[in-house]
Every structure is written in C-alpha cells, then in structure tokens.
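Have the structure open and follow along.

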Amino acid sequence: MSEKYDVLIVGAGPAGSTLAYLLSVKNSYKVAIFDTRSWEDLWGKPCGNAIGAHHFKELGIPSPAGDEIKQVVKGISIYSPSERVVFTVYGEGYIIDRNKLGNRLMRDAVNRGVEFYPRTHVLRPLLENGKVVGIEVENVEGKKEYRANVVVDATGTAGVLKRGLPKDWPVSEPLDPRDSDVAFREIVELDYEVPNKDIIRIYLNQQVAPGGYWWFFPEGTNKANIGLGVQGGMGYPSPMSIYMSKLMNRPEISRRKRVLSSAGASVPTRRPIDSLVWNGFIVIGDAAFTVNPVHGGGMGYAMIAAYWASKGIERAHEIGNFSASELWEVNTGYMRMIGAKQASLELTRIFLQNLSDRDLEFIMEKRVVSEEDVDILGRKGELREGSIERATRIVDDFFKVLKMSSRPSLLLKLRALQSFMNRMKSLYLNYPTSPTGLRAWQESLKELRKEFSEELSLGR
Ligand SMILES: Cc1cc2nc3c(=O)[nH]c(=O)nc-3n(C[C@H](O)[C@H](O)[C@H](O)COP(=O)(O)OP(=O)(O)OC[C@H]3O[C@@H](n4cnc5c(N)ncnc54)[C@H](O)[C@@H]3O)c2cc1C
C-alpha cells in the first residue's frame, strides 16, 4: 500500500528542511519529509557552521536568533602561507547552532502541516514511464512506499535517490572526488579568551591543507570550531591526521580544555549539477553540488536551491504537469541567482589548488589581488580587470628595477583566469530555457572547461 503526496522530500538538512519550510508557508501542498536522523540530531553533518546573514534576507527566511546563534560574525581574515599578510573582508554573518536552526525550520513546517518522518531510511526512488513517482522507505515499522507528483533528493553527498536514476538523466551525474573537499573539524573549549571573536579566520597553506585551507572560527568567548579540508581524490593524508600532526601544536589550538565535538565529512567544490530537475524529480543541496567551490560553504547555497525548488514546484502544481520542462525554472532561477557565480568560482578553486605557497604569498604580498578584489570575488564571483592590469604593471616595474626575472607566467595565468571566469559566468547566465537546449549547452561547457585546462596547463 502506498500513500499519495504532492511533494516528498528526502533529507532534512539545510536543503530539505528549508524546502519543507518554504512549501509550508504556501500551506497548499501535502508534503512529507524523511530523514534517518532524529529531531535531536537534525542538521547533524559536521560543519564550520558559518553562514552569511544576507541569505536569510534574500530568501525571506527568518534570520537566526537567540540561541540559534553561537557567534555573530563581522568579517573574515584570510592569512597568507607565512601568515605575514592578512586580508580582512567585512560582512555580516553568523556561526549558527545547526541543530537549533534546523529544529526551528522543521517545527514551523510541521506546525503548518508538513509530515516529518525522522529515523526513516529512504531506500530508493520509484520509477514509472520515464519519471520518478515515489520512494521506498524503511523504518522500525518495516518497508513502505510513498507516491508524489514531485520527489526531492536532499540527501547531501550521499545523493541516495539520484544514484538510483538512469545514467542518461543529467540529474544522476556523479561527483568526481577531485571536485570535493574532505574535511575534519573539532569544536573545542579553550582556556583563554579568543581575541576578535567576531572575525572568522582562514589560513591558506598548501603544506598544511593541500588543495584546501584550515580554519579557526570563534564560537563565543572561549570556544572555537577549528578544522581543515584537503582536496579529495588526490591521495593526500587524511585531514584528521594532518590536524593532529600539524595543527595541534599551535598555541591557539593546543590550549584547549575540552573537545566538545570531533568529526569529519566531505563537501562538493564544483559547479552545480548540469540540471537540478528531471521528470517528477528535483535534486538540491550537496546532492546537487550547490556549494561555494572556493570555501566549501554550502548551507546558504542549499537554501537558494531549496528556494528555487519551491518556485518550480509551485509552477508545476499550477499547471498540473511535473515534467522536466515544467520544473525547469528551478534550473534557470538557480543558475541566474548563484550558479553562474558558482561555476566561475570553480575555476578560481582549480587555479588556487595549482598554486604553490610561494605563489600565494606573492599574490597577497604584492597585492596582485587586493582585499577589495577578494571582497568582490566573494560577492560576485568576478576578478576585477583593472586591478590585475595595475598589479601586473607595478610588479613588472618592480622587477625591472631589481633586474630580476618577474613571475610573468603567474600573472599571465591570472589574467587568463579572469577572462575564463567571465566567459564561464556568461555561459551560465545563458543557461538553456528548456531541456531541449541542454545538450548543446553541455557541449559548450565541456569545450570551455577543456580550453581552460589547456591554456592554464592544469591537466584537467
Ligand atoms: C567539515 C565541514 C565544514 C563545513 N563548513 C561549512 C560552513 O562553515 N558553512 C557552510 O555554509 N557550509 C559548510 N560546510 C558544508 C555544509 O555542511 C553542507 O553544504 C550542507 O550541510 C549541505 O546541506 P544538505 O541539506 O544538502 O546536506 P546535509 O546537511 O548532508 O543533509 C542531508 C540529510 O539527508 C539525510 N539522509 C541521507 N541519506 C538518507 C537516506 N537514505 N534516507 C533518509 N535521509 C537521508 C541525512 O541524514 C542528512 O540529514 C561544511 C562541510 C564540512 C564537511
């Protein structure tokens, strides 16, 4: 026996519970959401817990308040490998208590009629006549089928439903491990007061965190979320072993009284999946790779994907058709709002991963890319043209004076990166308006990525 719903959401992390919340505000759909986790463990994936305040304002989701906030953030400091150069970019944000915020969104959704099934394992999607029509779940009561007009995969990196779809559906695209970050973090109580607790810190250092970075995010006066991520699929040592061997002897980390939580997980660091929808199906959050590829922040992007999923679901229900064409607005909306920036930042991420510590130090020390550029890069996913041209001139002059050979290849590559980022952004801003244009668009994307790798000699 199966039950029929308008929408079934699998996964109640930031993506799934935001969608449940947004659909419940409309209050006109029969929605059920499932998670293997319990209420006490909602949003339990290990995380740095940092999120920009703007996401809540932009999406009309009530901002974190009270004990949902562990720390109000005013800015971020980025340290060069030697830690002699520090860029600080200001912007409002929070270190949140994920479980409390997740509970609030889910309680609001449940109070408005959404059915939540915790401790329920979703096994597979149900397919009929080329579309997803439901799911099979298992809990203490046994196995059961649920049916719906639209099924949403919000299961994070597991991508439980999309894995069970035909391989020629673009929504089933798997993740190349090299397009992920494997991370480990601890939340610790310290035996000192953290200075400037409203500034979170990121340390660029390929020796410590190859292809990633390590972080120190204060959580109040004497607690911090400290961790590191390394590029996946490269055979690097595990981030936990690096944490123990390379970070634990730093005074700000070794001076800890108690470890409150200690865990690892991975996060995608690439462009969004080529399509977030297919017939009767939507994928959002980590399962759809909706994450900032440079810093791996995925909560805000998951919420944006959920927002566009709610718009697509609304439209499809209005016309009573749940095909890929009628859900396509999820793609066009997401790509325009953030996907274009995400795809352009993926190129920055690949570029950064191919730099040595010496290159990184040079770029920051010589202000080839300035604090302001980093701010614009973070907000818009663009590298300003003027500043690189100016820096190139200054650096060229500087080396001419010193009669040393400059680092022209690095500067030329930066210039090339800037141009590829613009082209990538514009490709995503011209994302096809219907599924029929997808294949040709994917070909253009493949070509552009190939050209990028070849011109910058990145080998991928
Ligand atoms: C160490 C680390 C630090 C990070 N730091 C930050 C940060 O500071 N800021 C930030 O914004 N992002 C950060 N991220 C990324 C962020 O955690 C994710 O992008 C975000 O949690 C994605 O949300 P999601 O809902 O897509 O997936 P998840 O949070 O993974 O939620 C998926 C849910 O699906 C459920 N599920 C999975 N399989 C099944 C199944 N078969 N049946 C039922 N339920 C299932 C899971 O139990 C889970 O609750 C970090 C990631 C890591 C690993």
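## Between two domains

Let's start with the ligand. Domain 1 (2–49 + 97–175 + 270–327) and domain 2 (71–92 + 178–268) both give residues to the shell around the ligand, so it lies between them. Keep in mind that you are looking at a predicted model.

How many residues surround the ligand? The shell counts 40, and the closest are G13, G48, G156, G285 and G298. As for secondary structure, the elements that put two or more residues into that shell are α1 (14–26), β3 (50–52), β7 (121–128), β10 (180–190), β14 (256–268) and α6 (299–319). Sorted by class, the shell around the ligand holds 19 nonpolar, 16 polar and five charged residues.

Now zoom out to the whole chain. The domain assignment of the protein chain lists three parts: domain 1 (2–49 + 97–175 + 270–327), domain 2 (71–92 + 178–268) and domain 3 (344–455). Between the C-alpha centres of domain 1 and domain 2 there are 30 Å. Their contact draws on twelve residues from domain 1 and 15 residues from domain 2. On the side of domain 1 that touches domain 2, you'll find four nonpolar, five polar and three charged residues.

In total, the protein chain has 13 helices and 16 strands. Its C-alpha atoms fill a box of roughly 80 × 55 × 40 Å along the principal axes. How does the radius of gyration fit with that of a compact globule? For 460 residues, a compact globule would come out near 23 Å, and the protein chain has 22 Å, so the two agree.

Next, have a look at the open sheet of eight strands. Reading across, the order is β3-β5-β4-β11-β12-β13-β10-β14, and the pairing is mixed. β3 and β14 are the edge strands, each pairing on one side only. From one strand to the next, the twist averages 30 degrees.

Strand β4 (residues 69–79) runs parallel to strand β11 (residues 199–203), with five bridges between them. Along that pair, G75 sits opposite I199 in β11, while Y79 sits opposite Y203. Helix α10 (residues 371–380) packs on the sheet, where it touches β4 and β5 (86–96), and its direction makes about 35 degrees with that of β5. On to the next neighbour: β11 and strand β12 (residues 213–218) run antiparallel and are joined by three bridges. Here Y203 stands opposite W214 in β12.

β7 pairs with strand β8 (residues 131–139) in the antiparallel sense over seven bridges, and E128 has K131 in β8 as its bridge partner. The two strands form a hairpin with two residues between them, and N129 in the turn has a positive phi of about 45 degrees. From β8, another hairpin leads through two residues to β9. β8 and strand β9 (residues 142–153) are antiparallel, with six bridges joining them. Which residue in β9 is the bridge partner of E136? That would be E145.

Note on methods. Residues numbered from 1 in each chain as written. Predicted model: local features only at pLDDT ≥ 70, side-chain atom pairs only at ≥ 80, totals over all residues. Near = placed C-beta within 6 Å. Helix = DSSP H or I, 4+ residues; strand = E, 2+ residues; numbered from the N terminus. Nonpolar A, V, L, I, M, F, W, Y, C, P; charged D, E, K, R; others polar. Domains from an automatic or database assignment. Pairing = 2+ DSSP bridges. Axes fitted to C-alpha atoms, helices over the stretch in contact; angles between N-to-C directions. Contact = placed C-beta atoms within 7 Å. Rg over C-alpha atoms; globule rule 2.2 N^0.38 Å.
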